Each structure stands twice: as structure tokens, then as C-alpha cells.
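Hi,

Here is the structure I promised to pass on. My notes on it follow just below.

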Amino acid sequence: MSKKILTIDDSKSVRQMISMTLGSAGFTVEEACDGAEGYEKAIACGYDAIITDLNMPNMSGLDFIRKFRAHPSSRGVPIIFLSTESDDVSKREAKSAGAIGWIVKPFDQNQLLAAIKKVAGA
Amino acid sequence: MTQHARDIDAVPAGEAMRALTLDVGGEVFAIEATSVREILDMVPVTEVPNAPAFVAGLINVRGRVVPLADLRVKFGMEHRPPDDDTRIVVFEITLEEEPTVVGMLADRVHTVCDIALSTMEPAPKVGMRWRPEFVRGIAKHDGNFIIVPEMNRVFSTEGAGTANSENETRAG
Amino acid sequence: MTQIDPAETFRLEAQDVLEQLEQTLLDLGDDLDDMALVDGAFRALHTIKGSGAMFGFTEVADFVHEFETAFDRLRKGDAAPSGELVRVALGAKDHIARLIAEPNAHARAGVPILDRLRAIVGTGIQAEAPPRPVDAATPGNGPAAGDASHGWRIRFRLPEDALSLGASPALLLDELRELGDCTVLASAEDLPSLEKLDPEICHLSWDVTLLSDCSRDAVEDVFLFVEDGMQLDIAPLPAAGPRSDAAAPAGPSDPAAPPAGKTDRAGAPPRENSSLRVAAERLDELLDRVGELVIAQARLSQIAAESSNPSLMTVTEEIERLSAGLRDTTMGIRMVPIGTLFGRFRRLVHDLSAELGKDVDFVTSGEQTELDKTVIESLADPLVHVIRNAIDHGLESPEARAKAGKPRQGSVRLSAAHEGAEVAITVSDDGAGLDTDRIRRKAEASGLIASDATLSDSELHRLIFHPGFSTAQEVSAISGRGVGMDVVSRTMDALRGRIDVDSQRGRGATVTLRLPLTLAIIDGMMVRVGRNRYSIPLSAVEECVELPPDIAEGSRGRNFLRIRDKLVPFLRLRELFGTQEPEDLHQKVVIVSTGEQRVGLVVDQILGNTQTVIKSLSRLHADVETFAGATIMGDGTVALILDVANLVRSGQRFETRLRDEQTKGQAA
């Protein structure tokens, strides 16, 4: 069975890029456009990994990570967040909130795939 | 699509053109096969009042409204009512840079064949009944002369105009 | 899966984000203290920069970078928003749109904008290098690689919370195995007794011997996501000395980078909700299919009716119901609130009022009114002209207004509302109103009307939409004058809409654009002329009457019908169309109207009403003005749709000519 990935980003183009990249590598990808929607989906379905942006309306990525980690169904689900190169504070906050790692924007398809394979397997 | 690309599509190294041959007004014409969408039996034609005689009708092609052209008007041939052999060739042309699907009346449709481009000669400047810009060349196939019309120009809206310009065509 | 180009998605998305940014900036211009707006602008810039860089729009990312930084400073209170900053940012927004629309053409034009930005926000902004793509999986900050090694001995233990955070030792080992042959030893020596065992904590540690000529970086990369808090020793083989410095901090550190601040922002406009964006072409495609379905269904109904087979009839009725439902749903999908369009005009008004020195209070209402997406797109240009005209020529200067006892600030209202099967879009101003005397003089001078023609005020008002008409006494660079207003009438014709003008001298003018709700499928009245059938848009039909025999027989010159004490000109379609067949005994007249103007169309027979899917005519028939399109009928044949606006105009020309002749006749 293919691995299920959730991508949370308010930018449709980014979501689409992630969906296409992972989708064509055999992953099943679902999308959410902000932290709130992401949270609803994340606790409802068991994902093999979650990729979230940090800077989003409604619920930021950081708040999403904190809220999701407080929920029992988050156990064992790796979260990768998207960050800009310079934003070290956010990186530290997101990691300590329970993310496993990050991808620096902009990234390309190979980088994304490498990162996901790392946490979710092929 | 450029001419070049089509030739490559058709057959090796642009030496021949794959073409559909058909009769209109006693002459054999060739249309590039790649542009042909389908060939229909005669269907009901809706006249468009005040439209140029060359494209006086509309037909329904699979739910699409398509203009129906009669090459005879442009080539100064006599009108003739449709019979059992009459077909409508539906093909695509480029009109003002827009791909446009059109239908064209044919007295009879022959076959798809490869026309060697080496046998094709430019239309003679004089002594021809037709406006030279409408003819891309005259080719020979199985001993017959085949007119290869320059469809985009035949259909060009410029000069598609009125009955008057059609008369000119006949006179020239 | 269909091929989607994320770069194209980015373009669409960027349009939305930029539009939103513009609104936010304009709002910010009105209320410089609203920090939620600063946040909103920052986020919009952030999204454009991030996604732009991702999809190859590096110029965009480079340019936006400094603006993002500037708004970040505003967010943190390091700088204060100002009207000047809003203006520069609006200019920047336009520039970004250009950069996206035409890459590699406009980069230089951004330099002065950035110069102005720096001048406003001050020295706080370094021209930092914009972010460049870096390989996330292999950050280049690891210790120098020991390339010559034959392999590595790797000993690691995961942090306690690693499993619950989703790390998987199995995956790590798999990844190591990909690098080369591995001998893996797991150590359970730290395993607690069963009663103390927490299954979510990883108590094992591993000792791996990897035979590979890979670099140390490659090994470290395996642990990229878990290295915080883990124990990791990597040593070259055969030496087995422990290393404690192996776990380097991931990610480059940049002490100069600004702290992020809080990332959740309240009060930001909700963006996507649970909606779905679909490319417009797909909607068009869907509508085409539905159109074909409606046609096929009409055909089926006809066959069913002829067959008198009851079970066929039942199924046919069911399909009729379903396809009608599908049609309505499809049309509904294409409906978009007109607010998306209104938003654009705030900017126009903002710029115009600055350039013309007129203080304008611009109020919009009815943003929720929905219209077919295609219609909304085509309304943009006409409305620009109408609004421009209202501000440029309708509103007086503040001084003139004060003299006339009006408030110095002029008012322009833009509103939309449903009126039956139509949408009315109204632009009204409280300016000077239209000058009918001047319009008349101008129209006479340019030969639009005869010098002695009798025209009502509303006829005179409508002349401003005539091609080339202009009452400009001084030509203003902004409105371009008469040029443009005819765009309004041309567009309205194409959309089968109409224009009403109402004006009161000294009190202001109101221009109302009335449009059918949708363009794609309409109800039509089928008529027959000779042996051809034509469809007349039912919304334009007022009534049908019999052509009185005396008029039918009468002279060709007196083409007027008296309908409830009003003379209505009529056109014999068979004359217009050159119909050869003999005419029916009892000719019918279909009275059609656009606004106040009416004309009768004489036909042989009225066949009834049908649903009409409008198909446009090809360019080959672009010159044939009497038809607005074609449709396919139940029996599969094509019928032409009459262009009512065009026919009414011909009727009016005819009427005007006749009236002029009569006036002259009386004068003689």
C-alpha cells in the first residue's frame, strides 16, 4: 500500500508541486490549505508523514505542530516543515514543538523526495 | 503547425506529403492528411444569410457548429447539387493565428496517398484559371495532376468577402 | 492524471495574492495603524517570494525580498507604515505583476522602486542576497569529508522522543545499507525491565560497520532529521576512535537574520475556505459537454414523443430532469461574485484622484452579486471607462464643487444587483451631470445626428457611447476621452447587455449596465423565415402580434406598427435575409427590445420556445452582423441566433431616417 502524505500550505502552487512530485513517486498525497484544516485531517486520518508550511493564515504551521503533537494520534507521525534559509528562530521553535526536520525553500523535486523518503520510506 | 513539422510527421525526411485526394468540379485536389479530422456523408446545411458565397452554410459536426465551405466558389467552378458521392471533409486550418475547424464539400473522396514533393511544381503565374496565391503547387500522382491548394490562404478572411470579389476571381 | 504545470498555477495564484495585496495596501493607506493589515501584506509578499523562487521566477523573488524585509520590520515595530510607503508598495505590486507576466524583460525597472523603498524605510535594510536554492538533504555545512576511507563505523542511539516524532530506526538502517554493505549490531543493554519499559521510547542502540567509499557527509545525511539529541559516532574504518563532534547543527546559521516573531496572525482575510480552484478552460469544457448533453436530450425527447413508447417516455423525462439539473449546477459553478472585479477599481480611483486632484469617496455595494465568470472578465474594461469618465468628467474640481454648494469631496458609487434575469451594474456620481447641449453640438459637428433631428434627452445621453464621440473641451491624458466609451457599448453588445444613462444637470449622472445572467445557455424563441429557422433570445422578446393585412400588403416605405399608441418600426426578416420562398399568409411580428428601444421582426411562423446552447460563429462569419451565434436544435440541425441589439439598431436607424424625412416634409 502506498504511503499517505499530508501537505499543508496556503500556496496552491506549492501544494500542487508537492502532490505531483510525491504522487508520481507512488505516494498518496492529501492537501490542506492552512493549519486548521491540516489539523482536522491529520487527527482524522493516519498519515505516514506530514509536510507543513509555517507561515499560513488561520493556524500557523507552528501552532499546527504544537496542537497536533498534543493529540495522541500524532505518535510516530513525522512532520517536516518548510522554512526559509534565514529563519533560525522558527526552525528552533518548530523543531522543539515536535517536527522532525525541515526543507529550505525554495526546494526542488529531488530534494523533496529525498526528504520524504528519509522519514516515510519509499 | 509549420509546414516543416508536418512533412516530418508524414513520411521520411519531408520528401513526400501524405494527402487526402478528392474531386471538386472535375479537378483533383489534395489536402494534407494530418489536418483532416473526419469525412462525413452529406448532412443538412443551414444557410447563413448575407455570408460570403464561399462559406454560405453551417453544419453540425458532433455538437460543434462548423462553417461549410465550397471550394468551387473560390476556384470559379460551376455549382452542382450534392449526390450520393458527395462528402464533407472536416479539417483544421489556421485563421488569423487561430486553429479553426472547417468543413468542405467534395464531389467525391478518393484515398490517402503519399505525394512525392519532388513532382510538385509551383503554380504557373499565367494561363491558370485560379488565383495563383490559392495554389501551393501542382503535383503528379499516378499520371494525374493534383492541385495542392494553400488552404490557409483560400480561407483567409481577407478577400473572402463579397460576391464581387468572387466574380473577380472568376474573371481572373 | 492530467498534466498540470505548477508554474502556471503559481501565475494564477500570484494574481490572486497580488490582488489581495493591493486591497490590503489600500486598506492600510486608509488606516496606517492596523497591524493586521501589515501582517497580511507581509504574508502576501512572503508567499510570492517563496513560491516564486520555487517555480523559477527568481527575478520576482529577488525583487520581493526587500519588500518582505521592509514589511517584516513594520510588523516588529522597527519602522512605521506611511502613505508614501503604501504608494511605493502599490507600485511594487504592479512591478511584480509585470515580472511574472513577462519574465526577463522588466528587472531593471525594479531598481528605482527599491531605491524609493530604501529611502522611506531607512537604513535598516541591507541588500541581503536573496535566498538561493540549497540542497535540503545535503546542507553543505558538515565537517570536511574524509573521502579516502574504505568505510565507516557508525554507532548511534536515538533521542528518547524520536519514535513518537516519527523517526524510524529501520529507515535509517535501510538508508545506510543503500550506501554500501552493512554489518548491523543492535545493543539492548540499556533495555529496562519490562514493567519500566515505555514502548514509545527507543531503548536500543546500534553499531554499524559500513563498507563504502562514501563521504562522511553522506553518512551524516542519513541522520539529518534525527541528529538533534542523538548520540552519533562516525569513524573511518579500520580505525575506531570515537568522535564527539560529529553531530553538526543542521542548517546554516545567520546571526544577522531577523527573528521571526509570532507566526499566527488574527484578522487576516480568510483565503481559500473549502473552495477548489479550477482552470477556466475546464469549466468551459464542462459547459460544452453539458451543452451537448442538452442538445442530445432534446433530440431524445423528440424521438420519444414520436415513438409513443411509455417506458421510453419515462426514461426520457428522467433524463430531461437530470440534464436540466446538471445544466443549472454547471452554470452555478461558473458564477463568480462581482466583488472580485470591484476590488480592482479601488486602485483606479486611488490613482485617478491623486492625478486629477479630486477628492473621491468611492463606495461599492452588491459585491456578492454573482455573474458568469466570462461576463465578469469582459466587464473590466467597460467599467474602467465608465468610472474614469465619472471621475474625470463627471466630478467637478473641489473648488467648483464648493462654489456650487456641494461638499468638496465627490462621490462615486459602484453597485451591482440582480433584477430579474439580469444583473444591473450601476456607476453613479454626484458631479455636474451630462451636458445635453454640448452633446448635441458635438454630435451634430461630427455628423452623428442631423442638425434638426429630434432627440430625447436619453437618446442624447446614449450618444456618449457612440464610437469616436467626444465632448472633451480639453483633452485629458487620463481618460483619453471619447476613445474608450464606445468600448462600453461594443462590449455590452457582445454580452447581449444594454446601457441606460440617467443624468440630472448639476446633480450627477448614473450609468447602468444591464446584463443577462449567463452567456452560454439561454431560452430562445424559435421562428421560421422561409425554410430556415432562427432563434431569438427570449429575454429580448416583448410580445408577438399578427402583422395587420393592410400593412402586410401596404407600401414598403411605411414599415411602422402602432402598438398601444406607439409607433414601432419593423424589419421584414425575409427581405433582410433575401429569402426566396413565398411568404406565409399570416405574417407574425416579434417585438424585441433593448432598453427603451423596440423593433418588430416580421417572420413567417413562430415555432415555440426552446433552450438554446449558444455556439459562437467562426471568424469566417465575423462580418455577418445580424447573428449573435448559432445553436444546435433537437433534430441535430444548426439554427442561427439573431443579434437583437444589432437588429434594433438597424431599426432605429431606419426610424431616425424616416422621422427626419417626415420633419422635412412638414417643414416644406
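In which hand of crossing, left-handed or right-handed, does α8(C) pass α9(C)? The crossing is left-handed, meaning that the near helix is turned anticlockwise from the far one by less than a right angle.

First, some housekeeping. This is a predicted model, in which local features need pLDDT of at least 70 and side-chain atom pairs count only at pLDDT 80 or more, while totals for chains, interfaces and linings use all residues. Residues are numbered from 1 along each chain as its sequence is written, chains are lettered from A and ligands numbered from 1 in the order in which they are written, and side-chain values use heavy atoms, without hydrogens and water.

Back to chain C. The axes (lines fitted to C-alpha atoms, over the stretch in contact for helices, with angles from 0 to 180 degrees between N-to-C directions) of α8 (residues 280-307) and α9 (residues 310-333) come within 9 Å and cross at roughly 160 degrees. The two helices are therefore roughly antiparallel (over 145 degrees). Contacts (heavy atoms within 4.5 Å) involve, among others, L283(C) and V290(C) in α8(C), and L312(C) and I319(C) in α9(C).

In chain B, six strands (DSSP runs of E, at least two residues) form an open, mixed sheet in the order β3-β7-β8-β6-β5-β4; strands pair if DSSP finds at least two bridges between them. β3 (36-41) and β4 (46-47) of chain B each have a single partner strand, so one side of each lacks a neighbour in the sheet. Five bridges join the antiparallel β5 (residues 57-61) and β6 (residues 64-69) of chain B.

Best wishes

Note on methods:
Helices (H or I, at least four residues) and strands (E, at least two) are DSSP runs, numbered from the N terminus. Angles under 35 degrees count as roughly parallel, over 145 as roughly antiparallel, 65 to 115 as roughly perpendicular and the rest as oblique.
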